[in-house]
Amino acid sequence: MIVDAHVHLPVENGCVSLQQKKERLLHEMAENRVDKCIVISDSCPQSVIGNMDECVELFKDTKQVDVVGGISPFFEFETQLEKIRNYLDQKLIVGIKLFTGHEAFYLTDERLKKVYGLAIRYHVPVLFHSGGSAMQYSDAALVSELAKEYPELKLVCCHCFYPKIEKCRALVNLKNVFFDLSSIADDTQNRLNILKMIREMADIVPERVLFGSDYACCEQRAHIEFVKELHLEKRTESLIFGVNAKRVYLL
């Protein structure tokens, strides 16, 4: 089984309506033999990748797709928080996403305590953007501080701090931190070094590495091939491709 734990609605290839974007995503899954995926909504009310309400409505009757709701302290925070609570009550979302770095707030922002409390209460993970040119907002030291303050909170590090994947090493001893491989396979120039570092993580914490592609920003097939290129033991590959995501997201 393959679970792509990090996708977004496509915005190109003639996809204009939400229904077209849904159909394109389902087609991509079928092409790549992906059994299940997790669509991450945007945190702002108007977005080409869909806000939380749009993504929930679009996929609420689609068994092979689950939704993570994005939230931001900058956009109708209390309203969005209440929506997340209601969606969690109805089991219509499986996680909460923070776009740290894309938006200028830190993981340790006091306002986010309400988000972390909700996630713990409903046993869902909090995903956060890492890497890129503004990684100070989700630096490994902040992740460590947060993981220790909330040991019951499941934290998913999206993109593994790419391009500084070595930062993940500081977090492997924290059992509530998970590593999402989304977007890292698109770097062909540094591929061997990236493969080496991810293989090291898969050896140390195989139960905490999650397959994700960041489709449609990145290629789903390229990320599947990346995992296969790690040449892992069958059990470890199975954990990364789907077992871990099912456990973390309670699928």
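The model is predicted: local features need pLDDT of at least 70, side-chain atom pairs count only at pLDDT 80 or more, and totals for chains, interfaces and linings use all residues. Residues are numbered from 1 along each chain as its sequence is written, and side-chain values use heavy atoms, without hydrogens or water.

Start with the overall build. The protein has 8 helices and 8 strands. These are DSSP runs, numbered from the N terminus: helices are H or I with at least four residues, strands are E with at least two. Buried residues make up 59% of the 251 residues. Buried means under 20% relative accessible area, exposed over 50%, and partly exposed in between, with a 1.4 Å probe and protein chains only. Take the contacts (heavy atoms within 4.5 Å) between residues at least 6 apart in sequence: 75% of them join residues at least 24 apart.

Now look at the rings. The whole structure holds 4 aromatic pairs. Rings of Phe, Tyr and Trp (its six-membered ring) pair if their centres lie within 6.5 Å; planes under 30 degrees apart are stacked, over 60 edge-to-face, the rest tilted. Tyr106 and Tyr137 make a tilted pair, 4.6 Å centre to centre with 45° between the planes. Tyr106 sits in the loop between β4 and α4, and Tyr137 in the loop between β5 and α5, so the pair ties together parts 31 residues apart in sequence. Tyr106 is partly exposed, at 38%. Tyr137 is buried, at 16%.

Tyr116 and Tyr150 also pair. Their planes meet at 55° and their centres are 5.5 Å apart, so this pair is tilted. Tyr116 is in helix α4 and Tyr150 in the loop between α5 and β6, 34 residues apart. Both Tyr116 and Tyr150 are buried.
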